[in-house]
Amino acid sequence: IHSVEGGITKNSSLTLGYSLPDILFGRVKLVTKMGDTDQYLSASATAVRSQFRDFFNVYTARASYTRGRPSQHFFVSAGYLVYDDEFESNRSFLISLGGSFKISPRWNFNYELFSFQGGFIDSILGGVPYLSYSKRIFR
């Protein structure tokens with residue numbers, strides 16, 4: 001998974017990305033800092049779409065708690081997932097945890113472990129490692 005994240009304001013960001021050969025995704029995220037600590041609360045919405053083979057769409061809406069600095073942090077989130085393909089639509093509660101650490105001034109290594117249930121899926125527990133490039137657009 002390859003992604004580019006742009007900060008729109010101090011408390012919001014937009015992420016666009018792709019995974020070869022045919023998956024595109026986008027995320028909008030709002031963040032607020034909890035006092036003078038390295039703790040944050042956020043809300044996000046994500047859309048994932050397969051363009052060519054095995055057409056499907058995935059949508060999530062979730063709330064997260066994050067602890068740490070931009071160079072290294074850990075998060076826990078809970079929300080709702082909708083999965084649509086050519087044949088059926090499934091809805092599920094989603095729980096995830098993960099983290100990130102900076103490997104260069106602009107690049108981060110990220111990991112997310114997630115679990116959800118519903119529809120044709122009895123239960124999925126999976127992990128997604130990925131690299132991300134971050135650059136603030138507006139100051």
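Student: Is Trp107 buried, partly exposed or exposed, and what is its relative accessibility?
Tutor: In this predicted model, Trp107 has a relative accessibility of 38%, so it counts as partly exposed.

Student: Where is Trp107 placed?
Tutor: Trp107 sits in strand β8, which covers residues 107–118.

Student: And which residues form the nonpolar patch on the surface?
Tutor: Trp107 belongs to that patch, together with Phe74, Val76, Leu97, Phe101, Ile103, Phe109, Tyr111, Leu113 and Leu131, and these residues have about 840 Å² of accessible area together.

Student: Which strands each supply at least two residues of the patch?
Tutor: Those are β6, β7 (89–102) and β8, and the largest share, four residues, comes from β8.

Student: Switching topic, how many aromatic pairs does the structure hold?
Tutor: The structure holds one aromatic pair, formed by Phe101 and Phe109, whose rings are 5.5 Å apart centre to centre with 50° between the planes.

Student: Then which residues make up the largest nonpolar core?
Tutor: That core has five residues in all, namely Phe56, Val58, Leu81, Tyr83 and Leu94, and the elements giving two or more residues to this core are β5 (56–69) and β6 (72–85).

How values were computed
Residues numbered from 1 in each chain as written. Predicted model: local features only at pLDDT ≥ 70, side-chain atom pairs only at ≥ 80, totals over all residues. Heavy atoms only, no water. Phe/Tyr/Trp six-rings, centres within 6.5 Å; stacked < 30°, edge-to-face > 60°. Core = buried A, V, L, I, M, F, W, Y, C linked by side-chain atoms within 4.5 Å. Buried < 20%, exposed > 50% of the residue type's maximum accessible area, 1.4 Å probe, protein only. Patch = residues over 30% accessible without salt bridge, like charges linked within 9 Å, V, L, I, M, F, W, Y side chains within 5 Å. Areas by Shrake-Rupley, 256 points an atom, 1.4 Å probe, with all protein chains shown as cover. Salt bridge = Lys/Arg side-chain N within 4 Å of Asp/Glu carboxyl O.
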